[in-house]
Amino acid sequence: MGVYLNPGYEGFEEIRRDIYVDKSGLITFMNSLIGKPKPLVCFSRPRRFGKTFAADMIAAYYDRTCDSRFLFEDLEVGSADSFDTHINKYNVLSFDMTGFISDARDHDANVLSEMQSALLNEIRETFPDCVNREETSLGKALYSVVANGNSKFVFVIDEWDALFREFKNDSQLQEDYILFLRGLFKNRDRTKKIIAAAYMTGILPVKKYGTESALSDFREYTMTAPEMLEEYVGFTEKDVRELCEEYDMSFEDMNAWYNGYSFPSIHHVYNPNSVMQALHHKNVRNYWNQTGSFESLKGYIGMNFDGLKDAIITMLGGGTARIRISTFQNDITSFKNADDVLTLLIHLGYLTYDQVKRTVRIPNMEVAEVFEDAVNGDSWGPVGNAITDSEDLLDATISRNEEAVANALEMIHGSVSSVLQYNNEASLSCAITIAYYTAKRFYHIIRELPAGKGFADLAFIPRRNVDKPPMIVELKYNKDADSAIRQIHDNRYDGVLKDYFGNLLLVGINYDKDVKGENKKRHSCVIERV
């Protein structure tokens, strides 16, 4: 068993001893590519989405130097027609780029030289009769191994894009790295003879130069277009329901905190790391900040691009923002516009992308809390302050302090409208959602909830074990708050919450844009307890 060459099955065996969700269908997909012109896959996903688990699984399955059948026979891949054909039949070259980066920094050495040297050393030691000690080309060494009657290679490269992230301003090193990968995978004649398949995973898709991919022979699957690999991006609703039942956890809470990523065929995808952390700790809460800082998000959303702040505020308010992903160069420096920044946030997991509507939104409560931290500061001014003060606003609403609620909404709606390119009912709804931002911790907040004879603008449904009253909020524009309360009664909106214990609050809010005079308030509020 080697470090990089044929590492065995121990890594995947450890994974199987822990909480495990079967994603071995990914191997069946990889098997389907072997023997075809492009058996090369790059599957990019955010941090905390199981990239390393998948890499260890693939390496354990193909490694010819071990018998890993017992780890796979009871999984989905075990019943596939291709299972016996490919299990433990290939040499595996598996490595994590972050390890080479760390080693190079420790020795003040070139990353690519360290990587080639480490890989070649293992190949020479394992195949001394095939590769001479003077050989400096990894591609030629692999060719010599296979030409001497040995099995073809399966490449597994984890964190393939780490070099672009860690050395983001070193364009020469990046170019050399791409040339190295091209040397391995671009020569189709040699690739066909020595490589059975390749699986690369990382956060970013393959780097683009202009509109062209730097590694065009790779089949790419990303957070903006996972295609047939959608179910392997994270945990599905079925996965999470089964885990919650097995470990006696609340599916409702898991759904609120970690669901929200959506693709054309699978509409509910969960952050797998956070789900597993919640199961381990028996506590559903924010685990995102344990593995990543809000500071990086703060830097990106604070960039000075037209329309970026508008889009962020709209999404903070529970809405979606239009986006064009085609100009993104798949790195973290070549930003030309707001769309490029938003596209990066999709790949980092801070936003989820609707391929049909071409819009983005904040996926769930866990990520919403990261945004809450990121907008605190001078650059976001009243918007950040409103989110910080939103718990006080919720307390004022529950205590039926109509004046305090109206005053708070006056401030936040004014600050939101000054940035947004619209000032209408949608602007008011956005402002209301931002004003009650931290209420997500206590309530399921549903916009346009079907109820009675119409739709409730906002319904606040208490989460499990939360001692707060349910609320219905009705918004009016250029009318009055009393008419909002009358509409709730007339349309019997309160019926949708009839099963919830405690006093139901009806909240009517009106915005009158035609009010004249400096000291005249545009917002009014009426709160009634049913």
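Gly318 follows helix 16 and has a positive phi, near 85 degrees. The model is predicted.

**Helix 16**

Helix 16 covers residues 308-316 and is mostly covered, with eight of its nine residues buried. Those buried residues are Leu308, Asp310, Ala311, Ile312, Ile313, Thr314, Met315 and Leu316.

Ala311 sits in helix 16. Its relative accessible area is 9%, so Ala311 is buried. Beyond its neighbours within four places in sequence, Ala311 contacts Ala321 and Leu342. Arg322 lies 11 residues from Ala311 in sequence, and the two C-alpha atoms are 8.0 Å apart.

**The cores**

Which residues have the most contacts inside the largest nonpolar core? They are Leu26, Tyr62, Phe72, Leu316, Phe371 and Ile434, in a core of 110 residues. Helix 3 (residues 51-62) gives the most to this core, with eight residues. A second, separate core has 47 residues, including Val145, Trp160, Ile194 and Phe218. In soluble globular proteins, nonpolar side chains tend to be buried together.

**Helix 13 against helix 18**

Two packed helices are described by the angle between their axes and the distance between the axes. Helix 13 (residues 251-258) packs on helix 18 (residues 365-374) at an angle of about 40 degrees. The axes are 5 Å apart. That angle makes helix 13 oblique to helix 18. On the helix 13 side, Ala256, Trp257 and Tyr258 make the contact. Helix 18 supplies Met365, Glu366 and Glu369. By class, the contact has four nonpolar and two charged residues, and no polar ones.

The loop between helix 12 (237-247) and helix 13 holds Ser250. Asp248 lies in the loop between helix 12 and helix 13 as well. Are these residues buried or exposed? Ser250 counts as buried, because its relative accessibility is 11%. Asp248 counts as exposed, because its relative accessibility is 70%.

Ser250 touches Cys244 and Arg464, not counting residues up to four places away in sequence. With Arg464 there is a polar contact, side chain to side chain, at 3.5 Å. Asp248 has a positive phi near 55 degrees, in a residue other than glycine.

Asn330 is not a glycine, yet its phi is positive, about 65 degrees. It is placed in the loop between strand 10 (321-322) and helix 17 (338-347). Asn330 has a relative accessible area of 9% and is therefore buried.

| Residue | Phi |
|---|---|
| Gly318 | near 85 degrees |
| Asp248 | near 55 degrees |
| Asn330 | about 65 degrees |

Gly2 is found in the segment before helix 1 (10-17). Its relative accessibility is 22%, so Gly2 counts as partly exposed. What does Gly2 contact, leaving aside its neighbours within four places in sequence? The partners are Pro7 and Glu122. Ser296 is 294 residues from Gly2 along the chain, and their C-alpha atoms are separated by 36 Å.

**The chain as a whole**

The secondary structure comes to 23 helices and 17 strands. Along its principal axes, the C-alpha trace spans about 90 × 45 × 40 Å. The chain has 530 residues, and buried residues make up 56% of them. Among contacts between residues at least 6 apart in sequence, 69% join residues at least 24 apart.

Definitions and conventions: Residues are numbered from 1 along each chain as its sequence is written. This is a predicted model: local features need pLDDT of at least 70, side-chain atom pairs count only at pLDDT 80 or more; totals for chains, interfaces and linings use all residues. Side-chain values use heavy atoms; hydrogens and water are left out. Axes are lines fitted to C-alpha atoms, for helices over the stretch in contact, and angles run from 0 to 180 degrees between N-to-C directions. Helices (H or I, at least four residues) and strands (E, at least two) are DSSP runs, numbered from the N terminus. Angles under 35 degrees count as roughly parallel, over 145 as roughly antiparallel, 65 to 115 as roughly perpendicular and the rest as oblique. Contact means heavy atoms within 4.5 Å. Ala, Val, Leu, Ile, Met, Phe, Trp, Tyr, Cys and Pro count as nonpolar, Asp, Glu, Lys and Arg as charged, and the others, Gly among them, as polar. Buried means under 20% relative accessible area, exposed over 50%, partly exposed in between (1.4 Å probe, protein chains only). A polar contact is a pair of N or O atoms within 3.5 Å; within protein, one must be able to donate a hydrogen and the other to accept it, and residues adjacent in sequence count only if both atoms are side-chain atoms. A nonpolar core is a set of buried Ala, Val, Leu, Ile, Met, Phe, Trp, Tyr and Cys residues joined through side-chain atoms within 4.5 Å.
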